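Hi,

Here's the structure I promised to send over.

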Amino acid sequence: MTVAAVITAAGSGTRLGAHSPDGTAPKVPVPKALVPLEGRALVAWAASRIADVAERIVVTAPPLAVDAVRSALVEAGVDALVVPGGDTRQASVAAGLRALMLDPDDIVLIHDAARAFQPTEVMAATIDAVHAGADGAIPVLPVVDTLIGAPGPDGVIGDPVDREGLRAVQTPQTFRARVALDAHRVAEAHGTPPATDDATLARALGHRIVAVDGHEWGFKVTRPSDLPLARHIAQSLSGGRA
Ligand code: C5P
């Protein structure tokens, strides 16, 4: 039984905007995974943290950036196999799971490179929950915003939604390997619209997925306004202050 990880880093990062190291927009977009923070690519931050809890790591990269992602990981001293991702996150995860060649009893973490600063304590808590008997475990946070139904074409807002009954989902999403493999095999076979996370696929098959406490630092680096916080955390970690 080993603990392994898939890091999904094959997104284009179009919502983030393309940032060169000096913050100006380059002519050729930089994939999100390669956005530099304190001299280290976003994907390398994610991989170096997950290396604390996983013995084997596969990273899915944009097909045109496989070599660049590999170089970024080597530069950061992270040992990982880099494979091309798919058209959707779900397809990228499936490619990563195939490359890991898992035994059914292994434990596998599926983690978004974009959540590069999720503390290792949260990752360890998901692994502990699977060791304790859950089929899968995911980090969640309470929802802080007021929620409503989307406005109609006339601009009139929909019904309020009780946020107390909701949670925001983070990664890593951690499973007994047989559960993750089963979930992705069935999803691929059925050709249903791609899911945005893996727990949804596993839960749909009746697997028992539990929640652990997530962390603010597990936010997904998505928009340009996320970059100052990401830089701040990277600086804290580089300086040994966090
Ligand atoms: O697009 P979104 O922000 O939901 O992506 C979540 C994660 O999935 C990111 O780390 C992104 O790099 C990854 N992804 C992927 N393959 C895709 C699309 C997204 O690995 N085709």
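Let's start with Asp135: at 24% relative accessibility it counts as partly exposed (buried is under 20% relative accessible area, exposed over 50%, partly exposed in between, with a 1.4 Å probe and protein chains only). Before going on, keep in mind that this is a predicted model, where local features need pLDDT of at least 70 and side-chain atom pairs count only at pLDDT 80 or more, while totals for chains, interfaces and linings use all residues. Residues are numbered from 1 along each chain as its sequence is written, and side-chain values use heavy atoms, leaving out hydrogens and water.

Back to Asp135, which sits in the loop between α4 and β7 (136-142). (Helices are DSSP runs of H or I with at least four residues, strands are runs of E with at least two, and both are numbered from the N terminus.) A polar atom of the Asp135 side chain lies 2.7 Å from the backbone nitrogen of Arg208. Not counting residues up to four places away in sequence, Asp135 touches several others, including Phe175, His207 and Ile209 (contact means heavy atoms within 4.5 Å).

Now for Gln118, in the loop between β6 (107-112) and α4 (120-131). Is Gln118 buried or exposed? Gln118 counts as buried, because its relative accessibility is 0%. The Gln118 side chain reaches the backbone oxygen of Thr171 at 2.9 Å. Leaving aside neighbours within four places in sequence, the contacts of Gln118 include Arg49, His111 and Trp217.

Happy exploring!

Note on methods: Polar contact = N/O pair within 3.5 Å; in protein donor to acceptor, adjacent residues only side chain to side chain.
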